Amino acid sequence: MLRVIVLGSAAGGGLPQWNCACDQCRAVRAGDLAANGQMSLAVSADDGVNWFLVNASPDVRQQIITTDALAPRPGRLRDSPIAGIILTSAEVDAIAGLLSLREGAGFSILAHPKTLSTLAQNSVFDVLDPARVPRIALTLDQPFFPLLPDGSRSGLQIDAFDVPGKVALYLERAAGVATPSGDTIGLTITDVHSGARACIIAGCAAITPAVEERIAGADLLFFDGTLWSDDEMIRAGLSLKTGQRMGHMSMSGPDGVIAGLAHLDIGRRVFIHINNSNPVHDPASAERQQAEAAGWCVPSARMEFTA
Ligand SMILES: [Zn+2]
């Protein structure tokens, strides 16, 4: 059985964002809406004995200490069931939490070589001593079977693949906005025993036939839900950027995620990486009702999915 816990499902900034007073952020401060951390997932194929995180968000410490399944296991003085952290990009949202996990645990970091190169170029990440926290390159389109820290099998298969996206914001000046490969990856994580399959795409600029092929037939789909509509941040006066410029599709509209994936056979559809400007955070909103009516789940923090 595959277990997936949504540690947080908000996009960069979280909900509420520290300097934001949009409708959703204000609702959280008023106690009318639940707070939500930045996107991170925990995945286990051995009924929760060991977990792999997908991304280490800046909120990861809080996310770990409020998730019972990620506490030290009974009878051990210093311990974590976190066996590895898979990074889907070098965005701050995905890697900053690594700096909070520097207390000597022996997990591995799995990422595309481009993301590993960013870590290597920023020596602050050496607080995670590579001798103790190995950095493992994921090759695109090639199955990988991660091991546990004791060298035994995890029961997981990871397939990393390219998705249309963009380079991390802080690397744009050096690299340009669009780069060919490896900046944003999607993951298919399979329980090798049951064959249950989760597809995780936290950032996606377009649904291409290649992306569809990865998603079709998944038992669980976790997909980029950054914005409800492409110009929502501009209309709300929050930013001058469209979703497309940020490398993300919108949920709604003829070119949106809901319409674009409607024809595919998928077990459960779950939005992740939801920006605080997106009204679907509010369970009472018309947009939330529309998303749910179309078969999508908008998860709260610590919601668990199994397949
Ligand atoms: Zn906000």
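A residue is buried if 20 or more other C-beta atoms lie within 10 Å of its own, exposed if 12 or fewer, and partly exposed in between, with C-beta atoms placed from the backbone. I wrote that down before opening the structure.

**Entry 1: ground rules.** The model is predicted, so I note that local features need pLDDT of at least 70 and side-chain atom pairs count only at pLDDT 80 or more, while totals for chains, interfaces and linings use all residues. Residues are numbered from 1 along each chain as its sequence is written. For naming, helices (H or I, at least four residues) and strands (E, at least two) are DSSP runs, numbered from the N terminus. I count two strands as paired if DSSP finds at least two bridges between them.

**Entry 2: the sheet of seven strands.** I looked up the strand order first. This open sheet runs S6-S5-S4-S3-S2-S1-S13, and its pairing is mixed. Strand S6 (135–137) and strand S13 (303–306) are at the edges with a single partner strand each, so one side of each is left without a neighbour in the sheet. From one strand to the next the twist averages 25°. Angles like this run from 0 to 180 degrees between N-to-C directions, and the axes are lines fitted to C-alpha atoms, for helices over the stretch in contact.

**Entry 3: strand S1.** How many residues of S1 are buried? Six of the six are, so S1 is largely enclosed by the rest of the structure. I then checked the partners of S1. S1 (residues 3–8) pairs with strand S2 (residues 40–44) in the antiparallel sense over five bridges. Along that pairing, Arg3 stands opposite Ser44, and Val4 has Val43 as its bridge partner. S1 also pairs with S13, again antiparallel, over four bridges. There I found Val6 opposite Met303.

**Entry 4: helix H4.** I followed helix H4 (residues 113–121) and saw that it lies across strand S5 (108–111) and S6, running at about 150° to S6. Which residues of H4 are buried? They are Lys114, Thr115, Thr118 and Leu119. Viewed down the axis of H4, the buried residues fall within an arc of 145°, so they line one face of the helix. The arc is that of the directions from the helix axis to the C-beta atoms. These buried residues pack against helix H3 (92–95), S5 and S6. Contact here means that the C-beta atoms of two residues, placed from the backbone, lie within 7 Å.

**Entry 5: the sheet of six strands.** Another open sheet has the order S7-S8-S9-S10-S11-S12, with mixed pairing. Strand S7 (156–162) and strand S12 (296–297) stand at its edges, and each has a single partner strand, so one side of each lacks a neighbour in the sheet. S7 and strand S8 (residues 185–191) are antiparallel and share seven bridges. Leu156 is opposite Asp191 in S8, and Ala160 has Leu187 as its bridge partner.

Entry 6: S8 is mostly covered, as six of its seven residues are buried. Four bridges join S8 to strand S9 (residues 197–201), and the two run antiparallel. Across them, Thr190 stands opposite Arg197. S8 and S9 form a hairpin with five residues between them, and Gly195 in the turn has a positive phi of about 85°.

Entry 7: I kept one rule in mind: most residues other than glycine have a negative phi, and most peptide bonds are trans. Where does Pro16 lie? I found Pro16 in the loop between S1 and helix H1 (23–29). The peptide bond from Leu15 to Pro16 is cis, with omega near 0°.

I then turned to two aspartates. Asp47 is not a glycine, yet its phi is positive at about 55°. Asp47 lies in the loop between S2 and strand S3 (51–54). Is Asp47 buried or exposed? Asp47 is exposed, because 10 other C-beta atoms lie within 10 Å. Asp141 is not a glycine either, and has a positive phi of about 60°. Asp141 sits in the loop between S6 and S7. Asp141 has 9 C-beta neighbours inside 10 Å, so Asp141 counts as exposed.
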